[in-house]
Every structure is written in C-alpha cells, then in structure tokens.
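Subject: Structure handover

Hello,

Here is the structure for you to look at. Please open it first, then read my notes below.

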Amino acid sequence: ETDESSEGERELDEAWGLVRERSSETETACLSVKILNQLGLLHSGRGSNETALAHLKEADRVIKSYGAKVPPFTLRDTILPDDERDSVAVRLKEFELEQIHELFYLAQVYGNLGRKDDSADCLRQTLQKQLKTKEFEEKEWAMNCATLSQYYIAVSNYAVARHCLASASKIVSASNPDDPGLPKYKA
C-alpha cells in the first residue's frame, strides 16, 4: 500500500461520507456509484475482496434504488449552472456506463472470491448491458461472450452457452460483413 493510494482512499471515503445520505437522489446517484466503484476497484486491487464486494454491492443498491427516474446528474452537472447541464441522453449514457463498470468489477471480485456462478452472472449482465447501450468493441465483446460460453458448458447450461456463442457469432459477422467465411445474419 502506498501513501498515494491511501490518500486516494481517504478522499474517496470522504466523498462517500458527503453523499451517502443522498446517494439515491438525482443530483448524487451517478456520483455515488462512481465513488463506490472506485472504492471497490481500489480494495480489489489490494486483494481486500470482501471490502471491495461491500462497496460494489452498495453501488448496486444505489443503482437499483434509483430506479427508472430521470437520469441522474453527471459529475459535470453537479458544478454547472442549470442551463449548461448535460442533456438527458448524455446523463443516461453516463449512468449506464457506471452500471456496466459496477457489474464488471463485481464479476471480477466474485471471481476472486471463488464465486464462479455469481461472477458468470455479472459478466453475462455486463455483456447484455454493453450490447444494449452499444458501448463495446465488437471483437473484444465477441471474444468475451464466447469465453463465457465455456463456463456455461462446464456447468451443463447448454442453452445459455449456445446463446452466448450465437451472439458472439452474430456480432463478429456484423462487424465483418464482407468475410465469406462467416455466416450471414439478418437484423
């Protein structure tokens, strides 16, 4: 542990302390998830996976308690005047990206704790959210989806494994429409 990460942790803890009571409000939900994701990432990097898990589960709680309200403010919105704030579309996209990060970090922590089923479920949700938001690099996404299929094969969940492989194949085909060796899919 370095002094720099200790200082970073103190700053994040202080920031969380300031927004904790209002974590599910429009003005603070996205910021709260960002802070908790960073705390989770910091503790995971140190091997403190139980502490990381607690922060990431709290981030998940904030996301779920916020629900389908108007997209929360971005970090920029918290310091800008009303007429300069981000559009609803930008706010929604940033909140969805934080949710993707939270799920991905949670998958890693579950994996570190040996909770393979939970890890796979979070990875599946991450891939689904990336696909929904169109926030992914095609080849990387397809490789991750194909890799996840191997887990589902190992646990005899062949329907989900097949779905993962078909999804990966469709993304690869769509990103390489002129490749004669790839199957063609209609949208």
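Start with α3 and α4, which pass each other in a left-handed crossing. Left-handed means that the near helix is turned anticlockwise from the far one by less than a right angle; clockwise would be right-handed. Helices here are DSSP runs of H or I with at least four residues, numbered from the N terminus.

This is a predicted model, where local features need pLDDT of at least 70, side-chain atom pairs count only at pLDDT 80 or more, and totals for chains, interfaces and linings use all residues. Residues are numbered from 1 along each chain as its sequence is written, and side-chain values use heavy atoms, with hydrogens and water left out.

**Helix pairs**

The α3 and α4 axes come within 10 Å and cross at roughly 150 degrees. Axes are lines fitted to C-alpha atoms, for helices over the stretch in contact, and angles run from 0 to 180 degrees between N-to-C directions. On the α3 side, the contact includes Leu 53, Leu 56, Asp 60 and Ile 63. Among their partners in α4 are Phe 95, Glu 102, Tyr 105 and Leu 106. Contact means heavy atoms within 4.5 Å. By class, this contact has 11 nonpolar, 3 polar and 3 charged residues. Nonpolar covers Ala, Val, Leu, Ile, Met, Phe, Trp, Tyr, Cys and Pro; charged covers Asp, Glu, Lys and Arg; the others, Gly among them, are polar.

Next come α5 (residues 116-133) and α6 (residues 138-154). Their axes come within 11 Å and cross at roughly 150 degrees. The two are therefore roughly antiparallel to each other (an angle over 145 degrees). This crossing is left-handed. Leu 123, Leu 127 and Leu 131 are among the α5 residues in the contact, and Trp 141, Asn 144 and Leu 148 are among those of α6. The contact holds 9 nonpolar, 2 polar and 4 charged residues.

How does α6 pack with α7 (residues 158-175)? Their angle is about 165 degrees, and the axes are 8 Å apart. That makes α6 roughly antiparallel to α7. Again, the crossing is left-handed. In α6, the contact includes Trp 141, Cys 145 and Leu 148; in α7, it includes Val 160, Cys 164 and Leu 165. Here the count is 15 nonpolar, 3 polar and 1 charged.

**Pockets**

A pocket is an open set of points on a 1 Å grid over the protein atoms alone, where a 1.4 Å probe fits, with protein on both sides within 12 Å along at least five of seven lines; lining residues have an atom within 4 Å of a point. Its volume is the space filled by probe spheres set on the points, which are joined across faces, edges and corners.

The largest pocket has a volume of about 340 Å³. Its lining has 16 residues, with Phe 104, Leu 123, Thr 126, Leu 127 and Asn 144 nearest the centre. Which helix supplies the largest share of this lining? It is α5, with 7 residues. The lining divides into 8 nonpolar, 5 polar and 3 charged residues.

The second largest pocket holds about 210 Å³. It is lined by 13 residues, and Asp 60, Lys 64, Glu 102, Leu 103 and Gln 125 are closest to its centre. α3 (49-66), α4 (88-112) and α5 each supply at least two lining residues. The most come from α4, with 5 residues. This lining has 5 nonpolar, 2 polar and 6 charged residues.

Best wishes

How values were computed: Parallel < 35°, antiparallel > 145°, perpendicular 65-115°, else oblique.
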